[in-house]
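Hi,

Here is the structure I said I would pass on.

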Amino acid sequence: MTDSKTGKLVLTALMMALTLIATMFIRVPIPFTQGYVHLGDAMVFLSALVLGRNYGIVAGGIGTAMADVLGGFAIWAPWTFVLKSLMVIILGTAAEIASKQKENSHKAVSRVSLIVGMIIGGIVMTFGYYIAEGIIYGSFVTALLAIPWNVGQFVTGMILAMVLEEALSRTQARKMFTYHI
């Protein structure tokens, strides 16, 4: 399906919609802040695996930024777009490395590359939101309260993305992955 431009476009739109839904409708408010945690990171990570970097940025970055705008958090949309896009770029790069490792090595080695990519992407996101919250709300002390929640969000997203990726890779849907891991 992703061999054609139309298929890639349709899959990108689908992943963008799934990212928006997982971000906007499955959220938990963070105490003492005005933010929330969500399951959108799972779809951001899955977008990178399924679509690669370029289309993954469209699905993950725009999908989560749209959720911010539509959900009443428009001030966060530019930050979200940049940070989620960075997550996709980092994981997409790790996935490229993993797909090359799979050709020369064992599947477990490529999985480690993906996990490392997700962890680095999550750390970048957590640090980025710390900076954003400090700037937006004028308090880097209060912004510290969101760090554990953001870590929990990306770790949960990692686990869900890996489970979904594994499940999809065992079906006919594995053909849609940009990186055949």
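A word on the ground rules first. This is a predicted model, so to speak of local features I needed a pLDDT of at least 70, and side-chain atom pairs count only at pLDDT 80 or more, while totals for chains, interfaces and linings use all residues. Residues are numbered from 1 along each chain as its sequence is written, and side-chain values use heavy atoms, with hydrogens and water left out.

**The chain as a whole**

You are looking at six helices and two strands, where helices (H or I, at least four residues) and strands (E, at least two) are DSSP runs numbered from the N terminus. In sequence order the pattern reads α-β-β-α-α-α-α-α. Of the 181 residues, 49% are buried, meaning under 20% relative accessible area, with exposed set at over 50% and partly exposed in between (1.4 Å probe, protein chains only). The accessible surface is about 8,600 Å², and 73% of that belongs to carbon and sulfur atoms; the areas come from the Shrake-Rupley method with a 1.4 Å probe, and for residues only the protein chains shown count as cover. If you take contacts (heavy atoms within 4.5 Å) between residues at least 6 apart in sequence, 69% of them join residues at least 24 apart.

**Helix packing**

Helix H1 (residues 5-24) packs on helix H2 (residues 40-70) at an angle of about 45 degrees, with the axes 7 Å apart. That makes H1 oblique to H2. For the cut-offs, under 35 degrees is roughly parallel, over 145 roughly antiparallel, 65 to 115 roughly perpendicular, and the rest oblique. The axes are lines fitted to C-alpha atoms, for helices over the stretch in contact, and angles run from 0 to 180 degrees between N-to-C directions. The H1 and H2 contact has 19 nonpolar, eight polar and one charged residues; here Ala, Val, Leu, Ile, Met, Phe, Trp, Tyr, Cys and Pro are nonpolar, Asp, Glu, Lys and Arg charged, and the others, Gly among them, polar.

The other pair is H2 with helix H6 (residues 147-169), whose axes come within 7 Å and cross at roughly 45 degrees. H2 and H6 are therefore oblique to each other. On the H2 side the contact includes Phe45, Leu46 and Leu49, and on the H6 side Phe154, Met158 and Leu164 are among the residues involved. By class it divides into 11 nonpolar, two polar and two charged residues.

Leu91 sits in helix H3 (residues 77-104) and is buried at 0% relative accessibility. Leaving out residues up to four places away in sequence, Leu91 touches Phe45, Ala48, Leu49, Leu114, Gly117 and Met118.

Thr126 belongs to helix H4 (residues 107-137) and is buried too, at 7%. Beyond its neighbours within four places in sequence, Thr126 contacts Ile147, Asn150, Val151 and Phe154.

Thr33 is in the loop between strand S1 (27-29) and strand S2 (36-38). Is Thr33 buried or exposed? Thr33 is buried, with a relative accessible area of 15%. Its contacts, again not counting residues up to four places away, are Glu133, Thr142, Leu145 and Ala146. The C-alpha atoms of Thr33 and Ala143 are 7.7 Å apart, although 110 residues separate the two along the chain.

Cheers
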